[in-house]
Amino acid sequence: MQRLGVHTSIAGGIHLSIERARDLGCNTLQLFSHSPRNWGRPEISYEAVQRFKELRKIYDIEPVFVHSSYLINIASPDRHLRRRSMDMLIWELEAAQLLGADYLILHPGSSSVDISEGRKRAKRVLRKISKRGRWKVRLLLENTAGERGDISSTVEDLAELLEASWGIAGGICFDTCHAFQAGYELRNAEEIEKLIDKIHRLIDKNAVKLIHLNDSKKPLGFRVDRHEHIGKGKIGNEGFRILLSNPAFSDVPVILETPKKTDRDDLMNLRRVKRLLRQKLR
Ligand SMILES: [Zn+2]
Ligand SMILES: [Zn+2]
C-alpha cells in the first residue's frame with residue numbers, strides 16, 4: 001500500500017506532529033524540525049526525541065521526512081549567506097538524524113545573477129558537506145518551479161547536483177506543482193513516461209523517494225510556485241489519476257503540501273488522494 005501523509009505542524013512540541021499525523025489517518029509525515037523562516041537553531045530536548053520515536057513506532061509512521069529551512073540558499077552569490085546556509089544545512093542534517101528521520105529535503109537554491117554559476121556554487125557546498133561527515137539520514141533534492149534564478153527545475157539540474165552530493169544524497173523529492181510549473185506535462189501518460197524514463201536514465205531507477213502531491217494554481221509552464229487543493233488546480237483530478245497510475249510511482253510515499261486553513265482542508269485533500277489511488281487506470 002502506498003504511504004500517504006501531509007506536512008504536519010510541530011506546534012507545542014515536535015512529538016505532537018506524530019499525534020497529528022495519526023489523527024488525520026496518515027502513515028507517513030513531513031515536518032520542519034524548527035521554524036523554517038528564521039535562523040534560530042533551537043535545542044531539541046532528549047525527552048521530545050524519545051517521545052517522537054516511541055509514538056512513531058506505535059503508530060507505524062514510516063518514513064519520516066524533514067523539510068529543511070526555506071532560508072537556506074547554497075547557490076547564493078553572497079558569500080556570507082552561502083556560509084550561513086551551509087552551516088544551517090549541516091545543523092538540519094544533525095537535527096533530522098537526532099529525530100531518527102529517514103530523509104531531509106532541500107530546495108537547492110537560486111542565484112539572481114548567473115544561474116549556471118549558482119549551480120556551481122551549490123555543487124561546491126554539497127561536495128564540502130559530503131566530505132565532512134557521515135549521516136544516516138539521506139538528503140533529497142527537490143525539483144523546483146523554475147522561478148527567477150532557480151537552479152533545480154529540470155531533471156538534468158537535479159542529476160548534476162546529486163552527483164556532487166555523493167556522500168549524503170538519497171535521491172529526489174518530486175513535487176508535482178513544481179514540475180508542472182517548470183513545463184512538465186503531467187496530464188498525459190506518454191509525457192509522464194518520458195519524464196520517468198529521463199529520471200531513470202540520468203539519475204537512477206530508484207531516484208524518486210517521495211512525491212510532493214500538490215495541484216497548481218497556475219497553468220503549465222508558468223514558473224510560479226502556487227499550490228492548490230488536489231483536483232482544484234490546473235493539473236486536476238484526471239491529471240493526478242494518470243500520474244498516480246504509473247507503476248513507477250506506485251510504491252513511492254506521497255506527502256501533501258496543499259493549502260491549509262484548518263485540519264479539514266488536509267482531511268479533504270487526503271480523501272481525494274485516497275479516491276484517486278482507488279481509481280488507478282490499468
Ligand atoms: Zn514541495
Ligand atoms: Zn512549492
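Two residues are in contact if their C-beta atoms, placed from the backbone, lie within 7 Å. This is a predicted model, in which local features need pLDDT of at least 70 and side-chain atom pairs count only at pLDDT 80 or more, while totals for chains, interfaces and linings use all residues. Residues are numbered from 1 along each chain as its sequence is written, and chains are lettered from A and ligands numbered from 1 in the order in which they are written.

Q: What share of the contacts between residues at least 6 apart joins residues at least 24 apart in sequence?
A: That share is 74% in this chain.

Q: What makes a stretch count as a helix or a strand, and how many are in the chain?
A: Both are DSSP runs numbered from the N terminus: helices are H or I with at least four residues, strands are E with at least two. The chain has nine helices and 10 strands.

Q: Why is the chain called as compact as a globular protein of that length?
A: The radius of gyration is taken over C-alpha atoms, and the globule rule is 2.2 Å times the number of residues to the power 0.38. For 282 residues the rule gives 19 Å, and the chain comes close with 18 Å, so the description holds.

Q: How do you know that α4 has close to its expected span?
A: The expected span is 1.5 Å times one less than the number of residues. Helix α4 (residues 115–132) has 18 residues and reaches 26 Å from first C-alpha to last, close to the 26 Å expected.

Q: What makes a residue buried, and which ones in α4 are?
A: A buried residue has 20 or more other C-beta atoms within 10 Å of its own; 12 or fewer make it exposed, and in between it is partly exposed, with C-beta atoms placed from the backbone. In α4, the buried ones include G118, R119, V125 and I129. The buried residues of α4 pack against α3 (79–99) and α5 (155–163). Across the chain, 45% of the 282 residues are buried.

Q: How do you know that β4 and β5 pair?
A: Pairing takes at least two DSSP bridges between two strands. Strands β4 (residues 103–106) and β5 (residues 138–142) have four, in the parallel sense. L106 has L141 in β5 as its bridge partner.

Q: Which strands stand at the edges of the open sheet of eight strands?
A: The order is β1-β10-β7-β6-β5-β4-β3-β2, with parallel pairing. β1 (4–6) and β2 (29–31) each have a single partner strand, so one side of each is left without a neighbour in the sheet.
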